[in-house]
Amino acid sequence: MPMCEPSDRDFVGYGESPPHAGWPDEARIAVNFVLNVEEGAEYSIGDGDGRSESALTEISVPRVPAGDRDLGAESMYEYGARAGFWRIARLFKSRGVPLTAFVCALALERNPAIARFLREQDWDICCHGYRWIEHYKLQREEERIQIRKAIETLERTLGARPAGWYSRYAASVNTRELLLEEGGFLYDSDSYADDLPYWVKVKDKNQLVVPYSLVTNDAKLVNGLTDGDTFFTLLRDAFDTLYEEGADRPRMMSVGIHPRILGNPARIAGLRRFIEYVQAHDQVWICRRLDIAKHWAERFAVPAFRAA
């Protein structure tokens with residue numbers, strides 16, 4: 001029988017025996033809420049993209065001909081920055097819950113009020129690119145320029161560089177290598193492959209990956225789910241499963257939030273209910289993504305990878 005072709009993909013991971021995460025205070029689960037700050041950085045006619053972005057809005061099928069401005073879609077993005085962001089911010093501040101912001105650098109350039117607010121919080125920043133564009137469509141040198149521009153912009157608007165990176169939808173085959181060449185990134189979240197962080201080898205360097213999720217993510221609310229209560233049920237079921245498994249093998253859970261989606265008054269009650277549900281449990285570590293990355297890097301030293 002012929003041998004299968006070699007692959008650079010890892011289908012094994014931690015397998016049957018994942019490591020004991022050792023979260024603080026013997027927590028069974030680390031819960032990280034992620035607010036995607038993208039509004040103002042999406043594709044638009046005004047920025048020379050030739051189209052208006054309609055992804056992750058209330059529009060399932062574009063109504064305006066390609067090449068024309070879709071003022072309806074534009075206004076839905078504007079809602080996220082003008083109203084949704086602040087509704088979500090008030091909720092998290094009132095509950096005393098930490099948050100990670102996945103930030104597109106251009107979005108903060110265009111909204112100094114949000115930039116100023118983020119500078120004043122004890123939230124952490126993960127870079128979501130300069131603009132909300134697909135990095136897998138970029139040539140290597142163009143992507144390098146985009147990464148550097150994003151970092152420089154966030155250093156200017158926030159006063160500090162980001163410690164993490166997350167591409168729109170998917171990284172390119174060059175992204176992780178370019179991040180390591182750039183330096184300064186403790187982790188990236190360009191993976192959905194596990195319930196725990198893990199290390200990867202990129203040429204002669206090591207990179208920590210803190211996986212994200214598109215399942216426990218409010219993108220579901222414009223792709224099938226209809227209301228906050230249904231979203232709460234989805235989050236609760238994921239939490240209950242991971243909390244039970246965490247009795248002997250602690251896990252991690254990411255909750256993805258978008259101001260223009262979950263920041264809507266018709267939906268945010270589901271998020272509020274979930275926060276209250278989580279806070280009612282013992283042995284839960286509600287934390288920033290940076291906290292998870294630092295904990296993992298300290299507890300699990302860079303492994304000695306086998307030669308390929």
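## Helices α1 and α7

In this predicted model, start with helix α1 (residues 71–95) and helix α7 (residues 268–279): their axes come within 11 Å and cross at roughly 20 degrees. An angle under 35 degrees counts as roughly parallel, so that is what α1 is to α7. The crossing itself is right-handed.

Who's touching whom? On the α1 side you'll find Arg87, Ile88, Leu91, Phe92 and Arg95, and they meet Ile268, Leu271, Arg272, Ile275, Glu276 and Gln279 of α7. Sorted by class, this α1–α7 contact has six nonpolar residues, four charged ones and one polar one.

## Helices α4 and α5

Next up are helix α4 (residues 140–158) and helix α5 (residues 175–182), with axes that come within 10 Å and cross at roughly 50 degrees. That angle makes α4 oblique to α5. Here, too, α4 passes α5 in a right-handed crossing.

From α4, the contact draws on Arg140, Glu143, Arg144, Ile147, Arg148 and Ile151; from α5, it takes in Thr175, Glu177, Leu178, Leu179, Glu181 and Glu182. The class tally for α4 with α5 comes to seven charged, four nonpolar and one polar.

## Asparagine 36

Now over to strand β1 (residues 29–37), where asparagine 36 sits.

What does asparagine 36 touch, leaving aside its neighbours within four places in sequence? The list is Phe102, His128, Tyr212, Ile257, His258 and Pro259. With tyrosine 212 there's also a side-chain to side-chain polar contact, at 3.3 Å from asparagine 36.

Methods
Residues are numbered from 1 along each chain as its sequence is written. This is a predicted model: local features need pLDDT of at least 70, side-chain atom pairs count only at pLDDT 80 or more; totals for chains, interfaces and linings use all residues. Side-chain values use heavy atoms; hydrogens and water are left out. Axes are lines fitted to C-alpha atoms, for helices over the stretch in contact, and angles run from 0 to 180 degrees between N-to-C directions. Helices (H or I, at least four residues) and strands (E, at least two) are DSSP runs, numbered from the N terminus. Angles under 35 degrees count as roughly parallel, over 145 as roughly antiparallel, 65 to 115 as roughly perpendicular and the rest as oblique. A crossing is left-handed if the near helix is turned anticlockwise from the far one by less than a right angle, and right-handed if clockwise. Contact means heavy atoms within 4.5 Å. Ala, Val, Leu, Ile, Met, Phe, Trp, Tyr, Cys and Pro count as nonpolar, Asp, Glu, Lys and Arg as charged, and the others, Gly among them, as polar. A polar contact is a pair of N or O atoms within 3.5 Å; within protein, one must be able to donate a hydrogen and the other to accept it, and residues adjacent in sequence count only if both atoms are side-chain atoms.
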